[in-house]
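The sequence and the model are shown first.

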Amino acid sequence: MLTSSQRQLLRVISEAGPLSRTEMASMLGLSKAAMSGIARDLIDLGVLHETETVYGQGRPSILLDLHPECAFFVGISLLEDPAPMILSDLNGRIIARQAIPLSRDPKVIAEAITEGLPRLLESHPEAVEKLSGIGMALSGFVDETQANCVQSTLLNWQDVPLARIIRERSGVETFIENDAKAVAVSEKLFGSAREIQNFSVVSLGDGIGCAHFIDGKLYRGNHGGAGEIAHCTIEPGGVPCRCGKRGCLDTVASMKAIKEMSRAEGLECTSLSDIENEASTGNAAAIRILHRAGSALGLAIANLIQINDPGLILITHVEGSFDGLFGTVVNQAVETNVLPRYAGQTPIRIKRVDGDVWAQGAASIAAHNFLIGPNSN
Ligand SMILES: [Zn+2]
C-alpha cells in the first residue's frame with residue numbers, strides 16, 4: 001500500500017512526465033531531503049526508475065519516471081459480445097488480449113473472468129505477481145466508489161455490486177466505470193489530455209458518451225450522471241429516445257441515428273463514409289442528414305463549452321472521418337453557438353479510436369486507482 005505522499009508524487013509524475021528530484025520537491029513544496037527519501041522508497045519498490053540525465057546550468061539532474069512494468073492491469077469492456085479483455089502495463093500499452101462471453105448475470109461474468117485470467121497471463125509471467133487490478137467499462141451509471149452499477153439499460157441492471165462480485169471470485173481488486181468516463185481517465189493518464197486540468201471527452205459511436213475532467217478530477221455529479229449530453233434535448237418534441245424522452249441528441253447525431261435516418265431516406269449506406277460519399281455527389285437526403293446530425297452535435301458541444309469553459313474538447317470516434325461534411329458542420333455549429341468571445345478559443349481535437357478503446361479505458365481505471373488511490377478521481 002502506497003502512502004499519501006508517495007501517491008501525491010505519482011500523481012505529479014503521471015501528469016507532468018519525467019521530472020528531476022528538484023522539480024518534484026518544488027512542485028510538492030517539500031525539502032530536497034524529504035523528496036529524495038520518498039523517491040528512493042519508490043525506486044526500491046520498483047514503481048519509479050531513473051531515465052535520462054539532463055545537463056543544464058549547475059549540476060546535471062537525473063529524471064525519474066514511472067516504471068511501466070511495476071504493475072499490470074486487466075481491462076474488460078462490457079459493451080459488446082464477446083467482451084474484450086486486455087492486459088496492459090502502467091503506460092497503458094496492451095500486451096495481451098482475450099475475449100470472454102458477455103452475460104447479464106454478474107456471477108457468470110465473474111466466472112468467465114476467472115477462467116480467462118490464466119489464458120491472458122500465460123505468456124506474461126512478469127505480470128502474474130504484479131497484477132494490480134481489474135477495471136471494467138460499461139454503459140450506464142456507476143457510483144463514486146467505482147464499485148456499484150447504479151443502472152444500466154444495456155445490461156438490464158439496477159444497483160449491482162459488480163466490483164465486489166468480481167473481486168470475491170477472482171481475488172483481484174476490481175473497479176468499474178461508465179464507458180465514456182473510462183475513456184476520459186485513459187486520456188488523462190496516458191493520452192493527449194495528460195497535462196490538461198479541464199477537458200471534456202465526447203465519444204461518438206452507436207451512442208454518444210461524454211465525460212469531464214474539472215480541476216484535474218473526473219467530475220461525476222450527484223448521481224454519476226454528469227456529462228450525459230446524449231440525452232440533452234436538442235430537438236424539442238422530436239423523435240422518441242430509448243431513455244423515454246423525445247428529441248435527445250442521441251436520436252439525431254449518434255452513428256445509430258445517422259444510419260437509421262439514412263435507411264429511412266432509402267439510402268443504401270451502411271457507414272458514415274458511405275453517407276459522406278453520397279453527400280459529396282450532391283445527394284440531397286445525405287446532405288440533409290449530415291447537416292441535421294452535425295448541427296445537433298455542434299450545438300451540444302457549444303453548450304458544453306458555454307457551461308464548463310474547458311481547455312480542450314476531445315471528440316473520439318470509431319468510424320468515418322471528420323474531414324467531410326459532417327465534421328465541417330459540427331465545427332461551424334460550435335462556432336455559431338458559442339459566445340463570440342469563446343469562438344475559436346477552445347481547441348477541438350478529433351481522435352479516431354479503434355475497438356480497443358473501451359477495454360483500454362477500463363484498464364486505466366484500475367491503473368488510476370493504483371497510482372492515485374481509490375475515490376480520489
Ligand atoms: Zn434520451
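## Basis of the description

Helices (H or I, at least four residues) and strands (E, at least two) are DSSP runs, numbered from the N terminus. The model is predicted: local features need pLDDT of at least 70, side-chain atom pairs count only at pLDDT 80 or more, and totals for chains, interfaces and linings use all residues. Residues are numbered from 1 along each chain as its sequence is written, and side-chain values use heavy atoms, with hydrogens and water left out.

## Domains

The domain assignment, which is automatic or comes from a database, divides the chain into domain 1 (4–66), domain 2 (72–186 + 357–372) and domain 3 (197–311 + 319–352). Between the C-alpha centres of domain 1 and domain 2 there are 30 Å. Contact means heavy atoms within 4.5 Å; 5 residues of domain 1 are in contact with 5 residues of domain 2.

The size of an interface is often given as the accessible area lost when the parts come together. Here buried area is that loss, found with a 1.4 Å probe and summed over both parts. Domain 1 and domain 2 bury about 550 Å² between them, and carbon and sulfur atoms give 66% of this area. Of the area that domain 1 buries against domain 2, 67% is supplied by Arg 7, Arg 11 and Leu 66, more than any other three residues.

## Zinc site

Donors are N, O and S atoms within 2.8 Å of the metal (3.2 Å for Na, K and Ca); water is not among the atoms, so sites may look incomplete. The zinc ion has as protein donors His 231 (ND1), Cys 241 (SG), Cys 243 (SG) and Cys 248 (SG), at 2.0 to 2.3 Å. Along the chain these donors follow the spacing H-x9-C-x1-C-x4-C.

Four donors count as tetrahedral if all angles lie between 85 and 135 degrees; four count as square planar and six as octahedral if opposite donors are over 155 degrees apart and all others between 65 and 115, and anything else is irregular. The arrangement around the zinc ion is tetrahedral because its 4 donor atoms subtend angles of 104 to 120 degrees.

Thr 174 belongs to strand β11 (residues 174–178). Its relative accessibility is 1%, so Thr 174 counts as buried. A polar contact is a pair of N or O atoms within 3.5 Å; within protein, one must be able to donate a hydrogen and the other to accept it, and residues adjacent in sequence count only if both atoms are side-chain atoms. A polar atom of the Thr 174 side chain lies 2.9 Å from the backbone oxygen of Val 172. Beyond its neighbours within four places in sequence, Thr 174 is in contact with residues including Ile 134, Met 136 and Gln 146.

Ala 362 is part of helix α13 (residues 357–372). With a relative accessible area of 0%, Ala 362 is buried. Residues up to four places away in sequence not counted, Ala 362 touches Gly 75, Ile 76, Gly 135, Met 136, Ala 137 and Ala 182.

## Helix α9

In helix α9 (residues 255–264), the buried residues are Met 255, Ala 257, Ile 258, Lys 259, Met 261 and Ser 262. These buried residues pack against β12 (199–204), α8 (250–253), α10 (272–280), α11 (284–308) and α12 (325–337). After α9 comes Gly 266, with a positive phi near 80 degrees.

## Loop residues

Arg 220 sits in the loop between β14 (217–219) and α8. Arg 220 counts as buried because its relative accessibility is 7%, and its side chain makes a polar contact of 2.5 Å with that of Glu 177. Pro 82, in the loop between β4 (72–77) and β5 (83–89), is joined to Asp 81 by a cis peptide bond with omega near 0 degrees.

Asp 215 lies in the loop between β13 (208–214) and β14. Phi of Asp 215 is positive, near 50 degrees, in a residue other than glycine; at 62% relative accessibility, Asp 215 counts as exposed. Asp 309, in the loop between α11 and β15 (313–317), has a positive phi near 50 degrees. With 43% relative accessibility, Asp 309 counts as partly exposed.

Notes: Buried means under 20% relative accessible area, exposed over 50%, partly exposed in between (1.4 Å probe, protein chains only). Buried area is the accessible area (1.4 Å probe) that two parts lose on being put together, summed over both.
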